[in-house]
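Visitor: I would like to see how the terms used for a structure follow from its values. Could you take me through a few of them?

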Amino acid sequence: MNLSYTEEQVMLREQIQKFCETEYDFYKREEVVKSENDFDANAWSLFAEQGWLSMPFSEESGGFGFGPIELSILFEEFGKSLVIEPYLSNVVLAGSVLDKSNFEGKVELIENICSGSVHVSLAYAEAAHSYEYLKPDTNVSDDNKLNGTKTLVLNGKNASKLIVSCVMNGELSLVLVDTSADGVSFNTFRTIDEKTCAEFTFENVSIRDSDVIAAGDEAKNLLTETINLATLCISAEAVGCMVSCYNKTVQYTKEREQFDQPISNFQVLQHRMVDMFIDSELAKSLLYKAMLEVDADSKDKFKHVSALKAHVGKFGKLSAQNAVQLHGGMGVSEEMMIGHYLKKMVAIDAMFGNADFHLKSFSK
Amino acid sequence: MDINFSKEDLAFRDDLREWLANDYPKHVKEKMDKGEHLTRQDMVDYHKALSAKGWMGYNWPVEYGGTGWSATQLYLFNKEFGMAGCPPLLAFGVSMVAPVIWTFGNEEQKKRFLPDILDFNTWWCQGYSEPGSGSDLASLKTKAVKEGDHYVVNGSKTWTTLAQNADWIFLLVRTDSTGKKQEGISFLLVDMKTPGIEVKPIITIDGDHEVNSVFFTDVKVPAENLVGEEGKGWTYAKFLLAHERFGIAAVGASMRALNQLKEVVSELNNSDLDKKVAEMEIAISALEMTELRLLSDLENGGHPGAESSILKIKGTEIQQGLTELFVEAAGEYALMYPGAGGYGSNDKPSGPEHAAVSLERFLNFRKTSIYGGSNEIQKNIISKFVLGV
């Protein structure tokens with residue numbers, strides 16, 4: 001038994017930390033938020049150069065074949081600095097589906113994702129089926145026309161291609177749709193964690209047989225596995241947020257003086273920060289468990305990802321609320337970073353099943 | 001990263017399981033499984049069975065007759081015994097006073113005391129807390145005055161666990177009250193049969209007689225029973241408390257309780273309770289992984305910081321939380337306690353078996369967040385680490 005990261009993994013973490021510290025501070029993030037794109041083209045090409053965009057893909061698809069442990073490292077560090085680049089939508093959601101599929105054009109498409117030249121999004125959600133992704137209403141008719149509405153398509157506005165979950169020939173299918181095709185329209189919305197998502201409507205969009213990525217059990221497995229991996233990733237992001245929440249709060253309370261002394265002298269605040277620290281350590285422990293189970297492809301991997309997601313859903317929000325409270329009025333100022341962790345934690349809890357949902361999944 | 005134990009460690013775990021299946025004294029096992037009280041003799045039998053196997057010195061170095069087990073082996077020992085529902089090992093002799101004796105005691109003391117601890121010929125108890133000194137232990141007042149080749153001890157100790165069964169007590173006493181309160185404390189070993197010692201029971205809210213007050217009136221203790229140097233007792237006391245932390249997370253015992261709880265709850269059809277049980281299971285998983293992370297760190301030569309305090313806080317919260325869920329699962333049967341024989345008897349009130357012991361455990365386990373450095377003291381320790389002061 002050895003739970004330490006390898007030298008390579010430690011180096012990867014340091015690389016990402018260095019990027020976040022030097023190229024992606026909170027002011028830089030604000031610029032990106034206010035920009036047209038909602039992502040930073042320079043950062044995105046840097047991700048490509050560093051190989052981060054190719055990280056999890058199999059070697060046959062031109063990737064490094066890294067697993068859930070490396071992805072968790074990346075997301076933990078992104079969480080600490082609230083990085084909003086569309087990594088989850090491109091690499092984890094769309095990318096994993098393609099990589100694990102038998103789709104003919106996958107190598108070329110993955111190459112384009114890895115080089116950062118093309119954005120692809122996975123359209124998995126529908127308004128009527130919250131957290132239930134295997135029974136979409138969107139469908140492909142007998143004459144191969146796609147109809148329906150997909151919501152919460154992350155980074156949808158930048159995507160030139162979508163992978164759409166739908167019913168085709170009576171079974172769950174994943175089809176590739178060009179966003180410029182006839183019959184595709186969308187509206188863009190902001191998410192509370194400063195990203196964007198889109199609602200896509202498909203009206204008689206023509207689907208060719210060669211656009212079908214997977215169908216039946218294969219589609220079901222691809223979707224289930226991918227959502228589980230994405231859930232692990234955003235939970236790792238939550239762990240990073242929790243670590244930053246208590247670090248920043250400790251720092252702030254040591255600097256902030258009231259009644260002629262730093263407020264960190266007060267025991268009631270100390271114990272709250274200790275609670276934040278303990279909850280983040282427990283979250284880390286559940287992350288270890290979940291990423292190792294996913295890495296081993298064990299039968300319990302869904303259960304342990306649910307345990308992690310349920311914990312960070314509840315205690316991540318609590319940590320961020322404590323961080324806001326201990327920052328006083330500064331905690332609710334939009335221009336301060338700390339309140340944005342709270343928004344991020346709410347966003348993470350809402351995605352792919354909230355704490356209650358995963359508590360139920362866990363006990364099944 | 002590899003979460004699996006080595007072949008050697010797994011073989012070791014099999015040895016533990018084999019002992020538990022064949023050599024764990026049957027009469028003790030039966031009582032434990034039914035949630036009954038153990039007698040002094042039961043406890044002696046259980047510990048002597050471990051001595052016979054050579055496992056009594058589970059955390060001792062080989063040179064004093066211990067097992068010399070690695071941190072991983074210790075972890076497995078604690079977990080497997082917890083999962084089997086064994087009584088917690090009495091820590092006072094083997095893992096509290098013994099390390100102090102072999103580290104700070106003289107050769108004579110090592111020869112005199114250690115073999116009997118290893119064979120469980122002597123039952124030790126702990127003379128630390130006093131009526132006025134709980135978390136602020138250094139404020140203790142029990143006085144020892146040197147007269148010739150004796151110390152004369154006057155004062156009282158409290159919350160002394162199972163002093164009614166004990167042969168010996170290790171005492172923190174004040175030998176000097178002129179300087180700082182941490183200075184002037186000394187560490188004495190005292191035979192409980194010495195004239196002037198009186199043990200009075202303290203009955204706790206579960207109705208049990210587990211702890212006591214111990215009074216000392218002009219108790220003559222031979223000067224050769226002083227451990228180390230006069231006035232250095234505080235150093236030894238702190239050293240001892242660091243050893244007390246072993247197994248404090250009680251993951252094995254909590255896993256056993258959880259499995260029993262899940263069985264009970266599965267028949268109740270109560271979705272609110274199901275949810276609480278799921279949260280508890282996740283909390284135990286998090287605790288288990290936290291302990292494994294600590295273990296991995298130790299085995300890799302690391303020096304963990306605040307982790308053992310996390311294990312104390314979360315471990316005891318979980319133990320208490322489990323007893324609370326059993327009480328909830330008992331429903332209105334939680335009203336009935338104790339059974340016909342009254343407090344301290346093994347008579348069960350009517351109702352399902354799980355309900356019968358739920359109240360007693362719930363009440364008894366309140367102690368866990370108080371002893372061994374209260375959970376608030378643990379938070380003070382962690383806050384020094386978190387704040388970096």
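Visitor: Which residue in β3(B) is the bridge partner of A144(B)?

Guide: In this predicted model, A144(B) has V153(B) as its bridge partner in β3(B).

Visitor: What makes β2(B) and β3(B) a pair of strands?

Guide: Pairing takes at least two bridges found by DSSP. β2(B), residues 143-147, is joined to β3(B) by five bridges, so the two count as paired. They run antiparallel and form a hairpin with two residues between them. In the turn, G148(B) has a positive phi of about 65 degrees.

Visitor: How do you know that β3(B) also pairs with β7(B)?

Guide: Seven bridges join β3(B) to β7(B), residues 209-222, and the requirement is at least two, so this is a pair as well. These strands are antiparallel too, and V219(B) in β7(B) stands opposite V153(B).

Visitor: Which side chains of β3(B) point to the buried face?

Guide: Y151(B), V153(B), G155(B) and K157(B) do. Buried means that 20 or more other C-beta atoms lie within 10 Å of the residue's own.

Visitor: Turning to chain A, how many residues of domain 2 are in contact with domain 3?

Guide: 13 residues of domain 2 of chain A are in contact with 11 of domain 3 of chain A, where contact means C-beta atoms within 7 Å. On the domain 2 side, β5(A) gives the largest share, three residues. That side divides into nine nonpolar, three polar and one charged residue.

Terms used: Residues are numbered from 1 along each chain as its sequence is written. Chains are lettered from A and ligands numbered from 1 in the order in which they are written. This is a predicted model: local features need pLDDT of at least 70, side-chain atom pairs count only at pLDDT 80 or more; totals for chains, interfaces and linings use all residues. A residue is buried if 20 or more other C-beta atoms lie within 10 Å of its own, exposed if 12 or fewer, and partly exposed in between; C-beta atoms are placed from the backbone. Helices (H or I, at least four residues) and strands (E, at least two) are DSSP runs, numbered from the N terminus. Two residues are in contact if their C-beta atoms, placed from the backbone, lie within 7 Å. Ala, Val, Leu, Ile, Met, Phe, Trp, Tyr, Cys and Pro count as nonpolar, Asp, Glu, Lys and Arg as charged, and the others, Gly among them, as polar.
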